[in-house]
Amino acid sequence: MGRRISEILISTFSLKSAWSLNFSQMAKRKETQDITIEIPTLAPAQEVLAAIQRLQQGLRTDELKLQGLSDRQAKQKVNNLYSGAIANKCEEHFSDLVPARSDKENLYTHIFRAVYATIAAHWYCPPSVPEHQFKAEIQGHFTITQDGKKLPNYAARSNYDDYAIGNGQGNRDGRLGIKLGQVSDLEVVEVFRQPRYHRAAATVAKDSPEAETAPELDSEKLDDMPPELNTQETPTMTKSDVVQPTVKRPNVYADDLERITDLMAHQGITGTTADVVHALLEEFEVKMAQEEKREVKTASEFAQAINWFTQEIETLRQQYQALEQEHQKLASRPANTDEVALLKERNAQLETRNNELKAELEETRSQLNAIQDLLGGIRSGAARSKEEKPVAPATEKPVSKSAPTEESASSQAATTPKTETVSRHSGQADSTDKVADVIDAIIKWNTAQERSDLRLRISFPSIRSLAVLVGASYLPAIKEAIAEKEAEIEEIHERYMIGSRHNRSVQDKDAVLQAIARDYLGIPNWQEATYVN
């Protein structure tokens, strides 16, 4: 009956006619594709069905399902348990009837699918139906489309066409359906009773050549239940009449070829084995090329990150070496007790004065807050500007780019003239919007840059340096805008790995700020942008 041992023991069979069975749960189908097909039997169907039931009951294969195994897992376990022993029995009982394939030393179970299909077509295939189409139907070689229709699939044909019926004299017996009309209770497989199959026999496709040296099965030995044979004359065929194969057939496992065919059919690719394998290779190459592009991009990004870390480490190493040299110089100097005492005294005086200045600053701040509350946030308008405008030092020295403390920010706010003529609340809202525009401009600039040393960390100094040009240097407004966009700012910093000391690596911060003021904020006096800590 041409089925795998796992299907015989696990799948479901029922009587269809005197010489055919209904069969479902194919081994190569998904469990969701429970398709039933009619398969002719080479012995009376009732006897075949009884033999299957004896095997299933005697080996207790139903217990596999009780163990919680899926149909596919149960069939795999059956193969592991019995396939080796069955192959040995195949060699023992059928070696005198079925010749081994040219690439195998002995018989194995899968070749009997090819032998079965060859005999079934010889006995039961209507002459009006192409032999390869009949074989594909009874062996379940088709693909299920999304709308549930069966699409014939002939890609695995080469694995089932290398056996032919011989006439005992070295020639091929090419007759089809010799038992149709000779056995009283024999019916044509139901799917081939439809009108569309009553037509002239189709020729074999040019791109699927028959094998020249196909092993032959003796038709006289095969006819165990001899009805009267069809007496039509069979044309003599010699080796020179057989078309030489034009495509070299590689050694491929039949199961693997079926898997490849089914996989590519789901992608809408069908045809000969060569077409399917060619399409599979092309798709694999395309995916490999895409993967290589992703790897190159990832490697480039990683290289940029490593380069940035290397530069930072080199900068820290140079600073460490400079500090180490200075420490050695100081350590080599003889200690002067008087100088040390004088320095300690001077340090104590400075610390005392520092505490006094802090107290004065707090008092001044309190007075300023009181005045602001008294005036209701109204500020005079004429004197803003040149005093407020920061002046860049002649030579920029490496300094810390950490965010200014609230004390220093308050000090700056206390010394910055207030020039707006609207209420404090409305003025702060307007300033907050302007500061938000500044932050957005810096974000857009950072996103557009490919080099890390051209990006700026979005900190209070960088924001305020641009905010003063748009008239939004009000400290509470800057703090409010930074708080509102904190998540967005942190996301940009994490994406481009911009650390708290990043701005030290930017060589010309003034030029960067001027470019942002000109291209992203449209400030007329963009040349006045200067980075101020």
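Helix 8 passes helix 9 in a left-handed crossing (the near helix is turned anticlockwise from the far one by less than a right angle; clockwise would be right-handed). This is a predicted model, in which local features need pLDDT of at least 70, side-chain atom pairs count only at pLDDT 80 or more, and totals for chains, interfaces and linings use all residues. Residues are numbered from 1 along each chain as its sequence is written, and side-chain values use heavy atoms, with hydrogens and water left out. A search of the whole structure finds 15 salt bridges.

**Helix packing**

- Helix 8 covers residues 254-266 and helix 9 covers residues 273-332 (helices are DSSP runs of H or I, at least four residues; strands are runs of E, at least two; both are numbered from the N terminus).
- Their axes come within 10 Å and cross at roughly 70° (axes are lines fitted to C-alpha atoms, for helices over the stretch in contact, and angles run from 0 to 180 degrees between N-to-C directions).
- Helix 8 and helix 9 are therefore roughly perpendicular to each other (65 to 115 degrees; under 35 is roughly parallel, over 145 roughly antiparallel, the rest oblique).
- Helix 8 contributes Leu257, Ile260, Thr261 and Met264 to the contact (heavy atoms within 4.5 Å).
- Helix 9 contributes Thr273, Val276, Ala279, Leu280 and Glu283.
- The contact residues divide into six nonpolar, two polar and one charged (Ala, Val, Leu, Ile, Met, Phe, Trp, Tyr, Cys and Pro count as nonpolar, Asp, Glu, Lys and Arg as charged, and the others, Gly among them, as polar).

**Salt bridge Lys16–Glu190**

- Lys16 forms a salt bridge with Glu190, with the closest N and O atoms 2.7 Å apart (a side-chain nitrogen of Lys or Arg within 4 Å of a carboxyl oxygen of Asp or Glu).
- The pair links distant parts of the chain, 174 residues apart.
- Lys16 is in strand 1 (residues 12-17).
- Glu190 is in the loop between strand 6 (164-166) and strand 7 (216-218).
- Lys16 is partly exposed at 34% relative accessibility (buried is under 20% relative accessible area, exposed over 50%, partly exposed in between; 1.4 Å probe, protein chains only).
- Glu190 is partly exposed too, at 40%.

**Salt bridge Asp440–Lys485**

- The side chains of Asp440 and Lys485 meet at 2.9 Å, N to O.
- Asp440 lies in helix 13 (residues 424-448) and Lys485 in the loop between helix 15 (475-484) and helix 16 (486-495), so the bridge ties together parts 45 residues apart in sequence.
- Asp440 is partly exposed at 25%, whereas Lys485 is buried at 17%.

**Arg3, Arg4 and Glu7**

- Salt bridges with shared partners join Arg3, Arg4 and Glu7 into one network.
- Within it, Arg3 and Glu7 meet at 3.0 Å, N to O, and both are buried.
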